[in-house]
Amino acid sequence: MSTKTKKSQKIRIHVTGMTCTTCAATVEKALAETKGVEQASVNFASEKASIDYDPEKIDFSEIKEAISGSGYGIATQKSIFPVSGMTCASCVARVEEALRSVTGVVSASVNLASEKATVEYIEGTEVADLRRAVKDAGYEMGEETETLEDVTTASEREIKNVRNRFIVAVVLAAVIMALMWAPVFTGKSYLLWALATPVQFWAGWRFYRGAWGALKHRTADMNTLIAVGTSAAYFYSMVAVLAPGLFRAGGLEVHLYFETSAMIIALILLGRFLESRARGQTSAAIKRLIGLQPKTALVIRDGEEIEIHVEDVQVGDLILVRPGERVPVDGIIRQGSPSIDESMVTGESLPVEKKEGDEVVGATINKTGSFQFEATRIGKDTTLARIVRLVEEAQGSKAPIQRLADVIAGYFVPVVIGIAVITFIIWYFAGPAPSLTFAFLNFIAVLIIACPCALGLATPTAIMVGTGKGAEQGILIRSAEALERFYKIDTLLMDKTGTLTEGKPEVTDIIAVSPYSQEEVLGMAAAVEHDSEHPLGEAVVRAAREKKLKIAEASGFQAIPGHGAEARVNKKKLLLGNLKLMKDRGISLNGLEEKAEDLLKNGKTVMFLGVDGKAAGVIGLADTLKPNAKAVVAEVRRMGVEVAMVTGDNRRTAGAIAHEAGIVRILAEVLPENKSAEVKKLQDEGRIVAMVGDGINDAPALAQADVGIAIGTGTDVAMETGDITLIGGDLGGIATAISLSRRTMRTIKQNLFWAFAYNTLLIPVAAGVLYLAFGSTGVPSGLTFILGNYGFLNPILAAAAMAASSITVVSNSLRLRSFKPQKFAD
């Protein structure tokens, strides 16, 4: 197991040219064998390599060389930037050296005459880092003037390249097949050879390159199967063209298979093209998130509005956002009261009203009203950047269910080659005449029809779509392992305060004694508590303001610790506090004690109001349930998951909230440090437990649970503390996450079943096992196109089946994009 050094750096690279999981394993092995690389993980579906390396032992160019040396490439972005301050060739060298020193820069070329730098760098490289490096070298780098090629363009170019090679291959293959049926003419065999050669070595060059890269690392992959299978057909035919006498001398009939090798390559390229396009759609959600980031920001400096690149925004900058514009970075509103669409974070489409002092999240949309805010998080620290980073890491992770597929894929190609060789031997020595033809075609069919790609794509494509879909709904799933564990949970343990409830007391009941009205009781209580910082006092004042009551000015305020407070309001002596305070002061309660007891039984806190020695009313306060808590709890229970509540409150208060929410099992009077022990007790009962908490105070319990769910709002939500994070604070995300995890795992199992069933059933068919059934009687007329006259699978159809298998798996995963979360009424 590798150990990361303190100086190690982590980069993510988009790898191009991979066609199967064994390709990913080849790249991973090449990186692992490179000195200075401490850890490497390559995901075929996302085409991403995650690498931890020591920059003192290896630089980025060597990492790139390790990847290209294994037969694959990396997707880069190429841009041109103006550079000022250069005066000579030495300046050029210093700027180039400064740019190359930035992690992720592949190459840098600076032109002194045009004062421009052309920089090639990988996805995720911060342009701000490039500018900083140039500035530290004593020069200035301006805004990007031209993007020569970005990562998306590079990927599109790769797909276009495959498409073009397919078009050439299929046209030539069609001509070859037509000529095979044409009457014999002088030079026909040489013409067929000439047409098949560009298909084999130009259109099919990617397979040779991949096979050679795998061979250099003492392994074999999908490219090996295709290269060996098509080369066997091509070179057998070439020998038949150049030296037909060798076959006739052995009493063998001369056959050409140029159409077989050419059409196999054409069909596999078609499969690769369609698969690449479909696979690109699996990361559509993350691409949409990245695309939300605004390019510029309107910063107010020295009283002037200046439009700058968003990467040049500094913490503390004052930024103006107009209606319809996106918020550039995270910050705090300093002026204005906008309405913000935060659906990109929370999944909730309704705009949120904001005021001064409230947080705003970068990439959200200002719907109404201009406002100014102070930048607090920029660059890689913004909420959007953190979301993208976590989703990418989740998409690159491997679920436990994938390990079986990976183990099988590791042995798959050598086993298939062995089966193909055995197939050839059996049919050559024991098959009917012409035995060489049957042996040769079955050998090729076995190599071509085998498909480790479907096995490799089964899990990661579904994980990519599922985690991306979750991110769109404000649900961050940190890893594929967490997703797999989550679908198995049978118990959901919810913290009360701030999770089930709003986390702050609210006035729920006002009981007035004649001649006072409810509004008068609330208004007088608010006057006493006007300047209070106690949560109960703040709740009373907040309720009065919500009812738009005029709060009179109080004098002679005096706090009575542990009991309440007293003050004079409009020449009346007011006393506000608990029952003990009323009794100590001899206040006549006018029958309020019984009514207060009813409130207490429901888990509420009560405040008595006394006016000039007589009780005027009682106010009930409680930490109220979140609007949709009851509906969410009901839905989770309907899914077969038991819901329990844990809280530090007394059993009566806890029971009242639990009853209102529809929760039966209550763990009350549990101190924060003991919540993890309660999780352990549930696990000891054999339960698979998910714990929902705020991600900060409940961190130990979240860590102990099989799945920890952190719930919170705003830019400070602790995304890294839970296995799953609900950014918007909406409890509905819990039910949505359970439903999404179950559907994703169902899709993975469908994919794996198809991949295993495909290979288990069709490899024997390709080996010619159906000859046992049809060899003597002949194949029914409806199946002769597929199985010939004797039950042998045509290698060309084997190639079509192999291409279809991968496309089927990817397409099935893409169905997850139609997932729609259930909406819960308040």
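The chain contains 30 helices and 31 strands in a predicted model. Its C-alpha atoms fill a box of roughly 125 × 80 × 45 Å, taken along the principal axes. Of the 826 residues in the chain, 53% are buried. Among contacts between residues at least 6 apart in sequence, 68% join residues at least 24 apart.

**Helix α1**

- Helix α1 covers residues 21–32, and its 12 residues should span 16 Å at 1.5 Å a residue. The C-alpha atoms at its ends are 16 Å apart, which agrees with that expectation.
- The buried residues of α1 are Thr21, Thr22, Cys23, Ala24, Thr26, Val27, Ala30 and Leu31.
- An α-helix has 3.6 residues a turn, so residues three or four places apart point the same way.

**Helices α27 and α30**

- Two packed helices are described by the angle between their axes and the distance between the axes.
- The axes of helix α27 (residues 732–766) and helix α30 (residues 795–814) come within 9 Å and cross at roughly 170°. Angles over 145 degrees count as roughly antiparallel, and α27 is therefore roughly antiparallel to α30.
- On the α27 side, the contact is made by Thr747, Gln750, Asn751, Trp754, Tyr758 and Leu762. Their partners in α30 are Ala798, Ala801, Met802, Ser805, Thr808, Val809, Asn812 and Ser813.
- The residues of this contact between α27 and α30 divide into 7 nonpolar, 7 polar and no charged.

**Nonpolar cores**

- The largest nonpolar core has 146 residues, and Leu31 and Leu500 are those with the most contacts inside it. Helix α27 gives the most to this core, with 13 residues.
- Leu31 is also one of the buried residues of α1.
- Not counting residues up to four places away in sequence, leucine 500 touches Met494, Asp495, Leu625, Lys626, Ala629, Val633, Met645, Ala661, Ile663 and Leu731.
- A second, separate core of 24 residues includes Val540, Ala544, Ala565 and Leu574.

**Alanine 482**

- Alanine 482 lies in helix α17, which covers residues 480–486.
- Because its relative accessibility is 0%, alanine 482 counts as buried; the cut-off for a buried residue is under 20%.
- Leaving aside neighbours within four places in sequence, alanine 482 is in contact with Val707 and Asp723.
- Alanine 482 and glycine 732 are 250 residues apart along the chain, and their C-alpha atoms are separated by 19 Å.

**Backbone features in loops**

- The peptide bond from serine 514 to proline 515 is cis, with omega near 20°. Proline 515 has its place in the loop between β21 (501–512) and α19 (518–528).
- Aspartate 302 is found in the loop between β10 (296–301) and β11 (304–309). Its phi is near 55°, a positive value in a residue other than glycine.
- Aspartate 302 counts as exposed because its relative accessibility is 82%, and the cut-off for an exposed residue is over 50%.
- Asparagine 570 is placed in the loop between β23 (564–569) and β24 (572–577). Phi of asparagine 570 is near 50°, again a positive value in a residue other than glycine.
- With a relative accessibility of 60%, asparagine 570 counts as exposed.

Terms used: Residues are numbered from 1 along each chain as its sequence is written. This is a predicted model: local features need pLDDT of at least 70, side-chain atom pairs count only at pLDDT 80 or more; totals for chains, interfaces and linings use all residues. Side-chain values use heavy atoms; hydrogens and water are left out. Helices (H or I, at least four residues) and strands (E, at least two) are DSSP runs, numbered from the N terminus. The expected span of a helix is 1.5 Å times one less than its number of residues. Buried means under 20% relative accessible area, exposed over 50%, partly exposed in between (1.4 Å probe, protein chains only). Axes are lines fitted to C-alpha atoms, for helices over the stretch in contact, and angles run from 0 to 180 degrees between N-to-C directions. Angles under 35 degrees count as roughly parallel, over 145 as roughly antiparallel, 65 to 115 as roughly perpendicular and the rest as oblique. Contact means heavy atoms within 4.5 Å. Ala, Val, Leu, Ile, Met, Phe, Trp, Tyr, Cys and Pro count as nonpolar, Asp, Glu, Lys and Arg as charged, and the others, Gly among them, as polar. A nonpolar core is a set of buried Ala, Val, Leu, Ile, Met, Phe, Trp, Tyr and Cys residues joined through side-chain atoms within 4.5 Å.
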